[in-house]
Amino acid sequence: MRNLFKIAIRNLLRYKRRTLLTASLITIGVIFVLVFISISGSFKNMMVGQITDSMLGHLQIHKRGYVASIDNLPLNLNLKPNAMKKVEGVLQTIPEIESFSPRIKFGGLFSNFTETTNIRLNGVLPEKEFKTVPLMPSRITAGKKTLQPGEILIPDLLSKGMGVKPGDTVVVVATNQDGSVNGKQFIISGVLEGVTGPGGRDGYIHLNDAVEVLRMEEVEISEVAIRLKDFGKLEKVNAEISNLLSGEVTKQGKPAFEVHTWEKLSPFYNIATMIDLMTFFIKLMLIAVVLISIMNVMIMSVYERVREIGTIAAIGTLPGKILSMFVVEGFCLGLIGIITGNIFGMAIVFILKLAKITFAFGRQEGLILIPTVNVGDLLVISAIVIAVSVIASLQPAYKASRMEPIKALRSV
Amino acid sequence: MGLIVSENLQKDYQAGEVTVRALKGVSFNIEPASFVSFVGPSGSGKTTLLNLIGCLDKPTGGSLKIGEADVSALDRKQGASFRGKNIGFIFQDFNLMPVLTVYENIEYPLLMVQEVPVKEREKRILNLLQAVGMLEQKDKYPDQISGGQKQRVAVARALVTNPMLVLADEPTANLDHSTAYRVIELMKKMRDEFKTTFIFSTHDQKIVGEAEIIYTLEDGELTGKQVKGGGKNA
Ligand SMILES: Nc1ncnc2c1ncn2[C@@H]1O[C@H](COP(=O)(O)OP(=O)(O)OP(=O)(O)O)[C@@H](O)[C@H]1O
Ligand SMILES: [Mg+2]
C-alpha cells in the first residue's frame, strides 16, 4: 500500500504543472464552499437565533385551532387551568427542556390620556419569559430591563408615535371574552426594539395584570413558549411533546392541543430553507468541478502511460493492482486539493471573523457576522471530494487495468 | 524433459479480412539453463513466438508447455500471475519506470508482483545490482543513466523474482555494438550464476554468435537449429 502511494505521488509530481492546476481548481472549489457555508450558516443561525430567542421560543403549544386564527388573538381558544396542568406536567418530564413560559395574548387599546391606539399585548411571568426568550432583555432599549406588576413594556414604534417614555403613566383598555370592557393604568418600564416577524411589535405586561384586565375568573393561557437546552434536538422534543399530548382529546374526540416548532410559526423558515438549498447547489458544483477535473487528468495520465502500463502488466502486475495504482493517484490528487482547500478556506473564514463584518437583519442593524466552520461540514466536504476523486478515477483506472500488454507495449 | 516444449505451434493474426499466418507450426524443445536465440528476417515471426512463450498472447493451434504447465489456455489473470511467478522480461526499449530509481525499479516486481519480505528483498536487489555493475548508480533515475546501463537494470529487474525463464525481444536493438555485446555477455553471466534460461531474439549477426543454441525462423517456420560449444546444457 505504501508503495502504491509512493508511485502515485511521484507520478503526480512528474507532471507538476498539471497537478498544480488541478489541485488548485479543487482547492478553489473547496475554499468557495467552505466560505459560503460558514457565512450563510452563521447568517442563518443568527437569524434563527434572533427569531427564536427574542420572542418566539423554540416551540409553542396552543389549544387546537389557535394558530389558524392567531391574527385575531382569540380569547375563546385559551388553555383552561386543567389543560394547562396537563401541559406543565408533560413539559416537566422532558429533560431536554430548558424552560417554558405561559403567555396570555390579547389585543386592546393603548392611551396616553390624549391619544388612543391599538396594541397587542402578552401577559407573561417575566422570570419565565426572560429565560425562555433570553434575547428579550437586550431588546429593551430604554428604561429598566425588568417587568413588575403594574408595569408595561411597549414597542418602540408606539413610544415614538405616542410620544411616551419610561416612567410615564398610560392606560390599557381591553374587551374580554364576555364582551365587558375593562381598563387599567400602567407605568411604562421600558421600550422594546421591534423584531421582524409576527409578534415583533407586541407589548408586554405581567401575567397577573393580564388576568385582571381581562377579568378572568381563572387563569387561561393562550400559548406556552418553550426553550430547549439543545436546539439540535428540536425535532426529537417536538415529537416527544406531540406524542405525550396526543392522548388529550376534546369532547368531540379531536386532539386538544397543537404543538408547533418555530419553523411553522415564522415565515423566515423559508429563507432558512433557501439558504440550505443554495448550500446544496454549491456543493453540487464542487462535485462537478472535482469530478471533471480529476477525470480529465486521469484520462490523460492513462493515455500518456500506455507503454508503462503494458510493461507492468507484462511483468505480471495483476489488473486489480493496476486499477488501484490509478485510483490511488486520483485519490491523492483529491487529497492534496482538499487539504490545501481546508487550510486556505479556514484561514479565510478566520480572517472574515476578525474583520467583524456587520449586517442588518430586518430592523436590527449592526449584527456581527461570526462565520465558523464546523467540523461536521469540514468532514462532509472532505469526504465528498475524496469520494468523487476516487469515482472519477475509476473509469480511467479500469481502462488501464484492462489493457492488453502486447498492444500497450507496441504503442509509442 | 524440456523446460519449454512446443509442438506444432501456430498463430494467426486477423488483419481485417485477411488472415496472416505468423507461425505455421513450430516445434522445439528448450532445456533448463539454456542460452537460446531466435533469429530471422523482419516479419519472420520472432516477436510473435516470444509473445506466445511469454504468455502474453494465445496460440491459434498446437501446444505449448512451460515447466509442465500448459500455457496455451491461460486467461488474462492466470497469465499475469504465471508471468509474475515464472518469467522475466527484457524489452527493446528498456521500459524502466521513469518515476522510480534504479533500486526501486528492480524492487518493483518484489513489491507489486510478488510479496517478498524486506530482508530478502534487500539481499536480492543488492546482489543483483552488484552482479550487473549498477550498485553505484542505484539511486539514480532512468533518465540519468545511459541506454546500456538501463538495459543492465532491466536485466536485474527480470532476474530479481528468480524466474525459470527470461525473455528478451531484441534486447540490444537500441544499443551500439559494443554496449550490445556487453549486455549479452551480462545475460550469459547471469545464466551461469542463476541457472536461468535466457531466450532472446535479434537481427544482429554478431550478437547471435553469443547464443549457445540458435533457431532460425523464416516466414513463420523454423528452418534451422544450430548448437554451439555444446556442453552447457545437459
Ligand atoms: N497484431 C498483428 N496483426 C496482424 N499481423 C501481425 C500482427 N503482429 C504481427 N503480425 C504479422 O505477423 C508476422 C510476424 O510478425 P512479427 O512481429 O512476429 O515478426 P518479427 O520477426 O518480430 O519481425 P521484426 O524483426 O521486424 O520485429 C508479420 O507478417 C507481421 O506483419
Ligand atoms: Mg519483432
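1. Strands β2 (residues 97-111) and β9 of chain A run antiparallel and are joined by six bridges; strands are DSSP E runs of at least two residues, helices are H or I runs of at least four, and both are numbered from the N terminus. Pairing requires at least two DSSP bridges between two strands. Opposite A:R103 stands A:E223 of β9(A).

2. The model is predicted: local features need pLDDT of at least 70, side-chain atom pairs count only at pLDDT 80 or more, and totals for chains, interfaces and linings use all residues. Residues are numbered from 1 along each chain as its sequence is written, chains are lettered from A and ligands numbered from 1 in the order written, and side-chain values use heavy atoms, without hydrogens and water.

3. β9(A) also pairs with β1(A) (residues 59-63), antiparallel over four bridges, where A:A225 is the bridge partner of A:Q60. Six of the six residues of β9(A) (223-228) are buried (under 20% relative accessible area, 1.4 Å probe, protein chains only). One side carries A:E223, A:A225 and A:R227, the other A:V224, A:I226 and A:L228.

4. Four salt bridges are counted between the chains (a Lys or Arg side-chain nitrogen within 4 Å of an Asp or Glu carboxyl oxygen). In the one between A:R307 and B:D93, the closest N and O atoms are 3.1 Å apart.

Terms used:
Buried means under 20% relative accessible area, exposed over 50%, partly exposed in between (1.4 Å probe, protein chains only).
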